[in-house]
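Morning, everyone. Please have a look at this fold on the screen before I start.

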Amino acid sequence: MPLHGKGMLVVYTEVAARDERDLNEWYNREHIDERINLPGFHRARRYVAVRGSPKYLATYECDSADDLATPGYLHLLANGTPWSQSVTAKFTRFIRMTLRMQVDLTHGVGGVLTAVRFIPNPSQRNALSEWLRDTALPRAIARPGMVGAAAGENDLEIANAPLRDASMDRPRADEVEWVVLIEGSDAGAVGAAARTTFSLTRLRPFGVTAAPVIGTYRLLFGNQR
């Protein structure tokens with residue numbers, strides 16, 4: 001079954017060790033449910049790192065990346081619940097990306113996910129999409145222990161909408177980063193598939209000049225409607 005839409009919010013977070021219990025309770029008891037009941041949102045999942053950082057990763061699937069810049073959504077960002085305001089004030093790391101999904105080869109839900117982040121040359125986006133769709137991801141998910149994969153491109157206009165709206169005080173996104181999500185049942189297999197497929201050597205033809213950031217995560221909780 002494919003993703004539940006063509007848009008995805010990807011968020012990485014970390015907090016101090018003393019704040020982790022509150023972070024996890026907030027995500028599992030309030031935040032995930034609040035988000036999936038927004039217009040356009042359908043499914044959310046959160047993960048903890050097995051290898052890599054930041055420690056926590058969450059994904060939110062929606063009809064379109066445009067759902068992440070509606071007046072209603074931006075109003076919610078600016079007017080979080082008291083618990084949300086308390087938890088987010090304690091973030092020590094926060095990375096937020098609003099993806100337009102370019103490739104979707106997902107199949108159900110894997111217990112492990114490896115996320116690969118890199119910045120290609122924008123002029124190579126079509127060639128990159130073709131390589132991911134026709135070569136890289138089919139080969140990766142054909143390996144034992146794999147169940148599916150998807151790839152998306154961060155939309156800078158959508159990503160920076162909360163800054164323009166003053167609904168979120170976070171660093172501005174200035175480069176078009178891509179995220180590849182590879183899912184499977186075994187952390188070692190999923191991580192190895194990602195590191196083999198997305199070496200800097202293989203990404204250089206698409207204008208990537210820095211080694212990709214790769215992290216492997218274990219599923220903690222998810223919900224959908």
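I'll take the chain overall, then the sheet, then the cavity.

First, the ground rules. This is a predicted model, so local features need pLDDT of at least 70, side-chain atom pairs count only at pLDDT 80 or more, and totals for chains, interfaces and linings use all residues. Residues are numbered from 1 along each chain as its sequence is written, and side-chain values use heavy atoms, with hydrogens and water left out.

Now the chain. It has eight helices and eight strands. Those are DSSP runs, H or I of at least four residues for helices, E of at least two for strands, numbered from the N terminus. The C-alpha trace spans about 45 × 35 × 30 Å along its principal axes. Why call it compact? A compact globule of 225 residues would have a radius of gyration near 17 Å, and the chain has 17 Å, so the two agree. That radius is taken over C-alpha atoms, and the globule rule is 2.2 Å times the number of residues to the power 0.38.

Buried residues make up 50% of the 225. Buried means under 20% relative accessible area, exposed over 50%, partly exposed in between, with a 1.4 Å probe and protein chains only. Of the contacts with a separation of 6 or more, 81% come from residues 24 or more positions apart. Contact means heavy atoms within 4.5 Å.

Next, the sheet. Two strands pair if DSSP finds at least two bridges between them. Start at strand E1, residues 7–15. E1 runs antiparallel to E3, residues 56–62, with seven bridges joining them. There, Tyr12 stands opposite Leu57. E1 also pairs with E4, residues 91–105, antiparallel over nine bridges. Leu9 has Thr98 as its bridge partner in E4, and Val10 has Met97.

Move on from E4. E4 pairs with E6, residues 146–154, antiparallel over six bridges. Val103 has Ala151 as its partner in E6, and Leu99 has Asn154. E6 then pairs with E7, antiparallel again, over seven bridges.

Last, the cavity. How many cavities of 30 Å³ or more does the structure hold? One. On a 1 Å grid over the protein atoms alone, a cavity is a set of points where a 1.4 Å probe fits but cannot get out, and lining residues have an atom within 4 Å of a point. Grid points are joined across faces, edges and corners, and the volume is the space filled by probe spheres set on the points. Here the largest cavity has about 50 Å³.

Its lining includes Met8, Arg45, Tyr47, Ala149, Ala150, Leu181 and Glu183. Strands E2 (41–51), E6 and E7 (178–184) each supply at least two lining residues.

Methods:
1 Å grid on protein atoms, 1.4 Å probe; cavity = no way out; pocket = protein on both sides within 12 Å on 5 of 7 lines; lining within 4 Å.
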